[in-house]
Amino acid sequence: MGRPNILLLHADQHRWDCLGCYGNPDVKTPAIDKIATEGVRYTNHYTVYPVCTPSRYSLFSSQYVHQHSAWTNRSTLPAGTATFPRLLRQAGWHTAAVGKMHFTPTYLDVGFERMVLAEQNGDGRFEDDYHTWLMGQGYVDSVDLVDQVDAFRCRAGRTYYENFGAFESNLPKELHSTAWITRQALKEIGNWDVQGGNLLMVGYIKPHHPFDPPAPYSTMYDPQTIQIPSGYIPEVLPGDFANHPGFFDHRTLTEEKLRRVLAMYYGTITQIDDGIGEILALLRKRNLYDNTMIIYTSDHGDYLGYHHMLLKGNYLYDPLARIPLVVKYPAGIKALGVDERLCENIDLGATILSVCNCSPAGGMCGLDLRGSVRREYVFSEGQYGTDDSPCIGYMLRSGRYKLLVNGSMENAMFFDLEKDPLELCNEIGNPAYGWEVQRHRDALVHRVLFGGTGRNYVDPCAAQLPEAKDVQSRFWALQDFINRQVEPGALGDRPPSDSGEESVES
């Protein structure tokens with residue numbers, strides 16, 4: 001066989017245990033489960049930053065966010081930063097990406113020769129290929145729009161907040177972003193060189209909120225029979241609520257509302273899985289399957305009721321920082337079963353380069369997942385608060401223990417995950433754990449001090465691919481079209497007077 005192909009299937013906000021192959025008893029994911037049976041399922045895989053854009057930049061660059069400096073969803077990977085797509089392109093691979101990338105500017109060149117985009121948040125949704133195509137069909141994805149864009153969320157009625165953004169999509173299945181992204185992936189694979197050397201990243205928008213699968217996925221799961229994922233408690237903890245009250249007010253979450261969210265969330269996952277099934281079938285039909293490294297992962301997770309919270313934006317508890325990773329390696333690499341060792345999403349780029357016999361660039365910190373050297377700790381960080389007054393939160397986890405620090409070492413929590421897997425008993429002041437607390441603090445300080453630091457970097461004028469030539473005209477055409485289509489109260493009777501919601505980054 002020739003050079004291996006790389007297919008990176010990348011979801012958004014997919015909690016690690018919401019797949020059949022990870023033991024979830026309800027969600028139907030036969031295609032992803034099949035990848036797991038023919039490859040490796042990594043059970044302790046963590047994002048280094050649980051926000052869409054920074055997580056993707058870290059995946060590409062094999063660097064922590066405090067190294068590459070792109071801290072928020074509106075940030076730019078600094079020019080000259082090495083990425084695994086760029087290194088593969090320089091080595092002769094054909095590189096392309098379809099779906100959600102969440103870059104600033106929208107078509108930022110990170111190493112893909114071609115990008116066909118479907119975005120959700122920020123200027124990208126007014127400049128991308130999907131929403132321009134959708135406008136041509138006479139549609140607006142109004143449920144998603146109201147959830148994602150402040151100017152339209154203020155028009156949402158009370159029902160939107162009462163249901164935590166869980167609605168059937170206003171779009172028919174074939175017009176939904178998931179179906180459109182799958183079709184673009186099929187087109188790309190249909191043009192792959194049969195001799196190998198192809199890289200395709202498929203970025204699905206879902207299961208990121210709003211939880212809006214189209215029919216029939218919207219009614220596929222019965223809320224009353226779904227098992228609530230581990231970690232749900234009757235009320236939000238005071239410390240969690242003080243840290244952030246939630247995109248939707250955590251205090252208003254009930255078990256009934258959570259079940260509705262889960263049913264819709266699982267519907268979006270199964271729609272993605274059906275699309276992946278189509279992609280795998282085409283690989284087999286073209287005799288490309290054996291020579292293709294197939295990866296399924298996500299940028300971050302979702303609390304989904306853990307500690308009575310939903311979405312993200314709080315402490316780096318496991319359902320947020322821990323993400324799925326399933327890898328089928330290409331022919332010639334024997335790797336099967338379950339890998340329980342700790343690993344980070346920056347390790348994926350290093351592994352892809354290793355599989356392709358390409359050397360990483362200087363400054364890349366990822367480890368080859370197939371190697372004998374593995375991590376004693378996994379690390380994640382997050383910037384909260386405002387740009388003028390940011391608060392940095394950190395997670396450092398070893399096999400048994402987890403240290404969480406928010407803002408300063410004085411605001412820290414320490415958990416014994418063997419005894420307390422739901423992270424409810426803070427042992428920071430327990431003298432029995434004094435030595436372990438200090439060991440983890442020292443390791444965290446070492447990681448941050450010697451990993452490099454930097455400011456958030458944004459450059460809307462950075463180099464883009466040729467596809468970006470008409471984004472300004474797209475932007476204004478879509479703005480005008482949407483303003484004529486979306487009426488006040490689109491998802492309910494009237495805006496709430498005291499909903500307690502805050503706008504946070506997607």
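Lys and Arg count as positive and Asp and Glu as negative, while His and the chain ends are not counted. Each charge is placed at NZ of Lys, CZ of Arg, CG of Asp or CD of Glu. On that basis the protein chain has 46 positive and 62 negative charges, and their mean positions are 5 Å apart.

This is a predicted model, in which local features need pLDDT of at least 70, side-chain atom pairs count only at pLDDT 80 or more, and totals for chains, interfaces and linings use all residues. Residues are numbered from 1 along each chain as its sequence is written, and side-chain values use heavy atoms, without hydrogens and water.

Start with the whole chain. The protein chain holds 15 helices and 14 strands. Both are DSSP runs numbered from the N terminus: helices are H or I with at least four residues, strands E with at least two. The radius of gyration is 22 Å, close to the 23 Å from the globule rule for 506 residues, so the chain is as compact as a globular protein of that length. That radius is taken over C-alpha atoms, and the rule is 2.2 Å times the number of residues to the power 0.38. The C-alpha trace spans about 60 × 60 × 45 Å along its principal axes.

Now look inside. Buried residues make up 62% of the 506. Buried means under 20% relative accessible area, exposed over 50%, and partly exposed in between (1.4 Å probe, protein chains only). Contact means heavy atoms within 4.5 Å. Among contacts with a separation of 6 or more, 74% join residues 24 or more positions apart.

Helix 1 covers residues 30-37, and its buried residues are Ala31, Ile32, Asp33, Ile35 and Ala36. The buried residues of helix 1 pack against several elements, including strand 1 (5-11) and helix 11 (255-285).

Next come the nonpolar cores. A nonpolar core is a set of buried Ala, Val, Leu, Ile, Met, Phe, Trp, Tyr and Cys residues joined through side-chain atoms within 4.5 Å. The largest has 43 residues, and Phe84, Phe112 and Ile352 are among those that touch the most other members. Helix 13 (residues 346-355) gives this core its largest share, four residues. Apart from it lies another core of 39 residues, among them Tyr130 and Trp192.

Finish with Gln184. This residue sits in helix 9 (residues 177-190). Gln184 is buried, with a relative accessible area of 11%. Beyond its neighbours within four places in sequence, Gln184 is in contact with Val98 and Val116.
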